[in-house]
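This report describes one protein chain, part by part. Please look at the sequence and the structure first.

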Amino acid sequence: MDLAIRKGTVVTAAGTFQADIGVQGAQVMLLGREVPAADRELDAAGLYVLPGGIDVHTHLGRLRPFQGVDDFRTGTRAAAAGGVTTICEYVIHPRDTSLASQVEQWLAQGREQSIVDFGLHLHIGDPRPEVLNEMPALVEAGYTSFKVFMNRNFDSRVREYLTALERAGALGALTCIHCEDESIIGHLTDNLLGQGKTDVRYFAQSRPAFSEAVATARAVAFAEATGAPVYIVHLSSAAALEVTRRARARGLPVYVETRPIYLYLTRERFDQPGKEGNKYVGYPPLRDSEDVSALWDGLRNGDIQTVATDHVGLSFAPKAEPPDFSRIPAGMSNLETLVPMLYSEGVAKGRISLPRFVELIATNPARLFGMFPRKGTIAIGSDADLVLFDPSVQVTIQAEQMHSQADYDVYEGFTVQGWPKVVLSRGQVIFQDGRVVGRPGQGQFIPRERFGGL
Ligand SMILES: [Zn+2]
């Protein structure tokens, strides 16, 4: 054995057990009590051994002009430090470009800079026939998920997008949909700005929960019309969750992701003095405490299948500058805190079980996005992507301690119970005792299998 991890409590989606782990090369080779002496030994007494976190929603690739401060190098440094060993990154597709040319750029950046393994989802920004004709070869090459934004350049091209969705379903790909109603948001934003209500405290009003719910209902109807599975990204409200709950109860292939900010923060953040509220702008906006508790119920009872970050490394200056709320760059840094905060706020506070936590941050994302059982669990033959997690430490979040290049953190001052101690990617230590030791370029592109349900 190259590596033995001893005396840890192994956690999978199926349960918790005491076992030693033997790693040979990149894979878990032994799991049990009879692991022979290895070249390297790690003591996991008092620690949980978790499958590496999988964040299926990141924005690290560069498209100019772009105000983000993280790239694959700094973004995956944050990932490694937070126990995320695989990301799925969105390739952005501008009009008048081909999907293949965009994929090539993202793949080159990821291969050169990524510390952790990565898959790529393909945004379709321009669903003209030549673009849709690229889909079969790309699915064949392991890009088995697509992305559609309903909140921009959508309403004038719905029929083309329906064709894209149907094509994706027929090819065995999952389509990720940003559900906010473009027309409602445009109308409300124009009205607010026309009344001189430009401050960020009006931002949430410009993108209400009902605009998310109606777009989500439409996405559900699209799934019904085309037979294609849909994955609702960063669902934020009780109203939208209710729409997906009913669809799933009817057996429709509808899957739901939520995002950390909707679990820990509420819209009062936008009411802070000065430009402080601008820090929290992302799409959809933060909601009310009733929404927060509905989302926790959804995590607990299975109505929500994944938690992913939508990480965009943004610093405060570009978010503070714009003259009105509609022009504030959307998004924020979240990658490093994904796993420890869900443990702390979820497991340590008794809202979700330990196996459910693992299911949400590793197993379900791996299954939905064609990486299971290579990723997302601890089993013989799986990649040795492992997190030795110390549930006894407390960490107070401070932006300057974080590995993202962003100069602020939305959870500044939060005290978090539990943090990764050692993180392994395919058997190699990439983070240990506060230091990222993985190298840019060490991460591999993961071609993904076709969609096979949960
Ligand atoms: Zn996103």
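Are α5 and α8 parallel, perpendicular or oblique to each other? The model is predicted: local features need pLDDT of at least 70, side-chain atom pairs count only at pLDDT 80 or more, and totals for chains, interfaces and linings use all residues. Residues are numbered from 1 along each chain as its sequence is written.

**Two packed helices**

Helix α5 (residues 158–171) packs against helix α8 (residues 209–226) at an angle of about 60°, and their axes are 10 Å apart. Axes are lines fitted to C-alpha atoms, for helices over the stretch in contact, and angles run from 0 to 180 degrees between N-to-C directions. Angles under 35 degrees count as roughly parallel, over 145 as roughly antiparallel, 65 to 115 as roughly perpendicular and the rest as oblique. α5 and α8 are therefore oblique to each other. Helices (H or I, at least four residues) and strands (E, at least two) are DSSP runs, numbered from the N terminus.

On the α5 side, L162, L165, E166 and G169 meet F222, A225 and T226 of α8. Here, two residues are in contact if their C-beta atoms, placed from the backbone, lie within 7 Å.

**Two domains**

The protein is divided into domain 1 (3–49 + 380–436) and domain 2 (53–368), with bounds from an automatic or database domain assignment. Their C-alpha centres lie 27 Å apart. Domain 1 brings 30 residues to the contact and domain 2 brings 41 residues.

**The sheet**

An open sheet is formed by eight strands in the order β6-β7-β8-β9-β10-β11-β12-β13, with parallel pairing. Two strands pair if DSSP finds at least two bridges between them. β6 (53–58) and β13 (306–307) are the edge strands, and each pairs on one side only. Strand β8 (residues 117–123) and strand β9 (residues 145–149) run parallel and are joined by two bridges. H123 has K147 in β9 as its bridge partner.

Most residues other than glycine have a negative phi, and most peptide bonds are trans.

D96 is a residue other than glycine with a positive phi, near 65°. D96 is in the loop between β7 (84–91) and α2 (99–113).
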